[in-house]
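Here is my note on the model you sent. Please read it beside the sequence and the coordinates.

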Amino acid sequence: PSFAEEITSANQLEHLTDIEIVALNYRYSVRCFAFIDVFFTVLNMFSRKKLYVYASLILVIGPICGYYGAKRLNKNLILVYLVFSMIKCVYEIVLAFVLPSLWMLLLGLVEIWIAKIIFMLWKAVRMIPENRIEQLLNPAIEQEAHAHIVYW
C-alpha cells in the first residue's frame with residue numbers, strides 16, 4: 001500500500017469504536033461455527049433416509065447465510081443464520097426429551113451457546129452504519145485491529 005493508504009488506514013483504526021471491535025471479533029467466531037455447521041449438516045445428509053436428506057438441504061441454507069453474512073458483516077444474512085440456529089436449537093432440545101437422549105440435550109445446549117454468539121454479532125452489526133461496514137471490511141483495518149475468535 002502507498003503511504004497515503006497507510007495513513008488513512010491508521011487514521012480509521014484510531015477511531016474504531018468498541019462495538020466495531022466486538023463485531024470484528026465475533027465475525028471470525030460466527031464464520032468458524034457456520035463452517036462447522038455446514039460440514040456436519042452435509043455429513044448428516046449421507047447417514048439418513050431420503051426425508052432427512054431434503055431437510056438437511058434446507059437446513060444448510062442457514063449456515064451458508066451465516067458464513068457469508070459474517071464475512072461481509074451483512075445483518076440480514078446473519079439474522080437468517082440466527083433464526084435457523086434457534087430453530088435447530090429447539091428441534092434438538094425437543095428431540096432430547098422425546099427420545100430421551102442426553103446427547104441431543106447437550107447438542108441443544110451447545111446450539112444455545114452458538115446462537116448467543118450469532119446474536120451478539122447481529123446486534124453489533126445493526127449498530128454500525130453501512131458506509132462504516134465497508135471500511136471495516138478493509139483487510140488492513142482488520143489486521144491492525146487484531147480481530148480474533150471470541151468464544152463467549
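1. **D37 and its partner.** D37 counts as buried because its relative accessibility is 11%. Buried means under 20% relative accessible area, exposed means over 50%, and partly exposed lies in between (1.4 Å probe, protein chains only). D37 forms a salt bridge with K88, and the closest N and O atoms are 2.6 Å apart. A salt bridge here is a side-chain nitrogen of Lys or Arg within 4 Å of a carboxyl oxygen of Asp or Glu. D37 sits in helix α2 and K88 in helix α5, so the pair links distant parts of the chain, 51 residues apart. K88 is partly exposed because its relative accessibility is 22%.

2. **Basis of the model.** This is a predicted model: local features need pLDDT of at least 70, side-chain atom pairs count only at pLDDT 80 or more, and totals for chains, interfaces and linings use all residues. Residues are numbered from 1 along each chain as its sequence is written, and side-chain values use heavy atoms, with hydrogens and water left out.

3. **Confidence.** pLDDT is the predictor's confidence in each residue, from 0 to 100. The chain's mean is 83, and 82% of its residues reach 70 or more. Among the elements, helix α1 (residues 3-14) has the lowest mean pLDDT, 50. Helix α4 (residues 61-72) has the highest, 95.

4. **Overall make-up.** The protein chain has eight helices and zero strands. Helices (H or I, at least four residues) and strands (E, at least two) are DSSP runs, numbered from the N terminus. Of the 152 residues, 34% count as buried. Contact means heavy atoms within 4.5 Å. Of the contacts with a separation of 6 or more, 74% are between residues 24 or more positions apart. The chain exposes about 9,500 Å², and carbon and sulfur atoms supply 70% of that area. Accessible areas come from the Shrake-Rupley method with a 1.4 Å probe; for residues, only the protein chains shown count as cover.

5. **The other salt bridge.** How many salt bridges does a search of the whole structure find? The search finds two. Besides D37 with K88, the side chains of R132 and E20 meet in a salt bridge (2.7 Å, N to O). R132 lies in helix α7 and E20 in helix α2, so this pair ties together parts that are 112 residues apart in sequence. Both R132 and E20 are buried. Side chains of opposite charge can pair when their charged atoms come close.

6. **The nonpolar core.** A nonpolar core is a set of buried Ala, Val, Leu, Ile, Met, Phe, Trp, Tyr and Cys residues joined through side-chain atoms within 4.5 Å. The largest one holds 24 residues. V30, Y81, I118, L121, V125 and L136 touch the most other members. Helices α2, α5 (75-98), α6 (102-126) and α7 (130-136) each supply at least two residues of this core. The largest share, eight residues, comes from α6. In soluble globular proteins, nonpolar side chains tend to be buried together.

7. **L136 and L73.** Leaving aside neighbours within four places in sequence, L136 is in contact with L16, E20, L24, L73, I128, I141 and E142. Among these partners, L73 deserves a look of its own. L73 is found in the loop between α4 and α5. L73 is buried, with a relative accessible area of 3%. L73 has a positive phi of about 55 degrees although it is not a glycine. Most residues other than glycine have a negative phi.

8. **F84.** F84 is in helix α5. F84 counts as partly exposed because its relative accessibility is 21%. Leaving aside neighbours within four places, F84 is in contact with I58, L59, I61 and G62. F84 and P63 are 21 residues apart in sequence and 7.8 Å apart in space, C-alpha to C-alpha.

9. **A surface patch.** F35, I36, F39, F40 and L43 make a nonpolar surface patch of about 530 Å². Patches are made of residues with over 30% relative accessible area and no salt bridge: like charges are joined within 9 Å, nonpolar side chains (Val, Leu, Ile, Met, Phe, Trp, Tyr) within 5 Å. L43 lies in helix α2 (residues 18-45). L43 is partly exposed because its relative accessibility is 46%.
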